[in-house]
Amino acid sequence: MKLNFIKLAAYFTLVTSFAMAQEQEPSKTIEEIVISDTKFAQSKEKSGKIIEKITAKDLENKKGQSLAAVLSQVAGVEVAGSQSGTGKNLEYYIRGGRSRQVLIVIDGVPVTDASGIGFQYDLRLLPVEQIESIEIMKGAASTLYGSGAATGLINITLKKASKKEIEGTAYMNLGTQNVPNQSKTSAQDFNQGFSVNGTKGVISYFTSLNSTETKGISEAAGTNFEPDYFSRVNALQKIGIQFNSKFSMQTFANYDRLKSSFDGGNFTDETANISLSEQFRVGFTPKYKYANGELNLVTGFTNLERQYDTYSTWSSSVEKSYYKSRSVSVDLFNKYNFSNVFFLILGTQFQFMDMQELTSYENILNTNANFNVIDPYATAVYNSNFGLNINAGARLNKHNVYGNHTTFNFNPSYGFKKIPLRLISSYSTAYITPSLYQLFSPYGNLKLKPEENTTIEVGFETILSNKKITINTVGFYREQENTYDFFTDLTTYESKYINNSNVVIAKGMETTLVIKPNSYFSINGNYTFTQVAEAQSKLIPKHKVNVSLDVDFSKKIHWNTQYQYVESRNDAYFDSVTFATINTVLASYQVVNTNLSMDVVPNRLAIFTAVTNILDKDFYENIGYSVRGRNFKLGINFKF
C-alpha cells in the first residue's frame, strides 16, 4: 500500500511545533572523555588533539541520516557519496588525503578490506543504528594505531549492554527516494531492527539485528534510467564476563551482508550489474586492572568476500569476479601509572592479511598474496598540575616483505590556569603499507616501500562565558612521500606499481564554534579550508561550511536542522565515445536537512520525522551520478 509520507511528515511537524515549551532545568556540566589519543579514557581537556566526538545523543538528534552523512558534517572530513543513493560507493577524505590514508577502528580493532587496491574499508557495511559513539582524530596516528592512520582516525564504538537485567528496542523507519525535481510520495526506503541487552550477575549481553532495503534511485544520472536497489542485513552479538573487580572479558561476533545493483559508470545505465559483500567478524578483549595500571588484549578476525556480476561491453556478456580477504589483528598493550601525572603505554601489535582474486583477467591466490607485521610501540603521557601536557611515542614497524620502518609523534599542549585558553601542537609521522594487490598482483612490485606522511599541527581552544561558548582552530601542514602510483613503460608497455618520488603537500585550517547558552538551545558550526596539489585535489573542496542548530522545545520534543555548503571541486570521468579522460569542475552546492523527534511515552515510545535536501537542490557530488533530492522519512522507536 502506498503512503503519502509528505502529508504525514508535514502533519507531524505542525503538531509538535505548536507544543508548549516547558521550563528547562539547568544541566550539570559533564567532563567529556576521549580514548583515541592514548587508547585509554582521559579528559578531553588533557588531550593535545582537537578530537571530534559524535555522541549517542548527537546520533539520536540526527535520526534518519546515514553514517556517511553524519561523518561529512565534521570539520576536515569529506565523504564522497554521502549525498548520493544508498548503494553508491563511499570515499572518505580527511584533510585532503584519500581513503587509504584514513584508518577505521571498530571497538578497538582496525578494519580493512585486504583484497582492495587501497585497503579502504567499506563503511556501507555498518548501520548507524549499531553505533554508540564516534571519535574522529585528525592528523598522523601511526604511533598508536599502525598503518593507514596517516591523515586521520575514525574510532567507532558499538552499543553495549545496559546495567538492567533486560532491556530492548525495536524501530522501523519508512521514507521516500527521490532525485531533485521528483516528488514520489510512496515508501521506497525501509529500515528496521531490534536489540535485546542487559546484565545478569557477572554476565552481560547485547544482541541486535538490523536490515535496510532501498530502491527508486538510479546510481548513474540520466533520464529514464533503471532504479538501483540496496539491501543490507546486520547481526551483532556481544557477551561480556566480569570475573572479578580486576579481570573482565568482552567477546563479539557480527555478520554483515550487503547486496546492491550498480550502473556502468558516469552517465551509464546498466541493469545486469550486481554486487554482493559478506563480512564475518569475531574477536575477544580481556582486560586486567591492577594497582598501578591496566593490561589489555584486543583481538579480531575478519573474513570478507565480495562478488560482482558486471556486464562487459568488450565481451558482450556478464563477467563474474570474486574477492576474498582475511585479516587478523592482535594488540597487547599495558598502561602503567608511575604517578598521578605520568603514565607509560607499552604495546605490541601483530597483523596478518591475505587475499584471493578470481576474475576473467586475473587470478591471485592467498597462498602467495599475504603478509604479516609485528609492531612494538611505546607512548609516554605527562599531564602536569600546572597546565602542561605531553604525549610522545614511537613505533617500530616490522614487515615481512619490505623490512623495518619507524614512526613517532610529539604532541605537547598547554592549558592556562588564569585565562580560558589551551594551546596545542603536534609533530607526527605515519606510514601506509603497500596493499596485497600492489605487491602480488600481475602489476605488483615487491620492492615497494611504505608511503610516508609527516604532519605538523598548531592550534588553540578557548571556552568562554561560563562554558557557553567554545572556539577551536587548528592549522595543519602535511608532506607525503613515496606515494603509490601506477606506471606504464611506453616502450615495453609493462605496467606496475611504483613509489612516486614527488613530495605531495597538503595544508589547511579547521575552526569550530559551539554556542550553548542554556540546556535547550545550541548552535554548532565549523569551517574547513583545504589546499592540496592539483593532481591530488579530486573531489576535495577548498572551502566547506557546516552549521547545526538544536532546540529542545520541551523535555519531549527536539528539533535539529543542518546546513552544509561545499565549494566547487575538481573531478574527471572516462568518455566511452572518445576513450578519453575528461576533466571537469563540479559546481558548489548547499544542502539543508531537518529532523523533529518526540517522546510520546518517555523511555517507551518515540517518533520522528526527517526531511533531507529541503530546498531540493540539484547538483553533482560525483560527475555523472545521481544525488538525493527532497526526501521525507518517518520513524517509530519502542523501548522495553
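Before the first click, a word on names: helices (H or I, at least four residues) and strands (E, at least two) are DSSP runs, numbered from the N terminus. Residues are numbered from 1 along each chain as its sequence is written, and the side-chain values use heavy atoms, with hydrogens and water left out. You're looking at a predicted model, where local features need pLDDT of at least 70 and side-chain atom pairs count only at pLDDT 80 or more, while totals for chains, interfaces and linings use all residues.

**Stop 1: a serine in a loop**

Select S384, which sits in the loop between β20 and β21 (388-399). S384 counts as buried, at 12% relative accessibility. On this tour, buried means under 20% relative accessible area, exposed means over 50%, and partly exposed is in between (1.4 Å probe, protein chains only).

A polar atom of the S384 side chain lies 3.3 Å from the backbone nitrogen of F386 and 3.2 Å from the backbone nitrogen of G387. Such polar contacts are pairs of N or O atoms within 3.5 Å; within protein, one must be able to donate a hydrogen and the other to accept it, and residues adjacent in sequence count only if both atoms are side-chain atoms.

**Stop 2**

Jump to E270, in the loop between β14 (247-261) and β15 (274-290). A salt bridge here is a side-chain nitrogen of Lys or Arg within 4 Å of a carboxyl oxygen of Asp or Glu. Show A272 too: its backbone nitrogen lies 3.1 Å from a polar atom of the E270 side chain.

**Stop 3: salt bridges**

Side chains of opposite charge can pair when their charged atoms come close. By the rule above, the count comes to 23 salt bridges. Let's visit three of them.

Start with K49 and E457, whose side chains meet at 2.6 Å, N to O. K49 lies in the loop between β2 (42-43) and β3 (52-54) and E457 in strand β24 (residues 451-464), so this pair ties together parts that are 408 residues apart in sequence. K49 is buried, with a relative accessible area of 8%, and E457 is buried too, at 6%.

Next, select K544 and E78, a salt bridge with its closest N and O atoms 2.6 Å apart. This pair links distant parts of the chain, with K544 in strand β30 (residues 543-552) and E78 in strand β4 (residues 77-80), 466 residues apart. Both K544 and E78 are buried.

Then pick D107 and K238, where the closest N and O atoms of the salt bridge are 2.9 Å apart. D107 lies in the loop between β6 and β7 and K238 in strand β13 (residues 228-242), so the pair ties together parts 131 residues apart in sequence. D107 is partly exposed, with a relative accessible area of 25%, whereas K238 counts as buried at 9%. To finish this stop, select K49, E52, R95, K138, E457 and E510: salt bridges that share partners join them into one network.

**Stop 4: the largest cavity**

A search of the whole structure finds 13 cavities of 30 Å³ or more. On a 1 Å grid over the protein atoms alone, a cavity is a set of points where a 1.4 Å probe fits but cannot get out, and lining residues have an atom within 4 Å of a point. About 330 Å³ of space lies in the largest cavity. To find it, select L103, T112, F119, S147 and M353, the closest to its centre of the 32 residues that line it. Strands that each supply at least two lining residues include β6 (102-106), β16 (293-312) and β18 (342-358).

**Stop 5: two asparagines**

Most residues other than glycine have a negative phi, and most peptide bonds are trans. Select N224, which has a positive phi of about 60° although it is not a glycine. N224 lies in the loop between β12 (203-217) and β13, and counts as exposed at 77% relative accessibility. Finally, N613 has a positive phi of about 50°. N613 is in the loop between β35 (605-612) and β36 (631-639) and is buried, with a relative accessible area of 3%.

Note on methods: On a 1 Å grid over the protein atoms alone, a cavity is a set of points where a 1.4 Å probe fits but cannot get out, and a pocket is an open set with protein on both sides within 12 Å along at least five of seven lines; lining residues have an atom within 4 Å of a point. Grid points are joined across faces, edges and corners, and a volume is the space filled by probe spheres set on the points.
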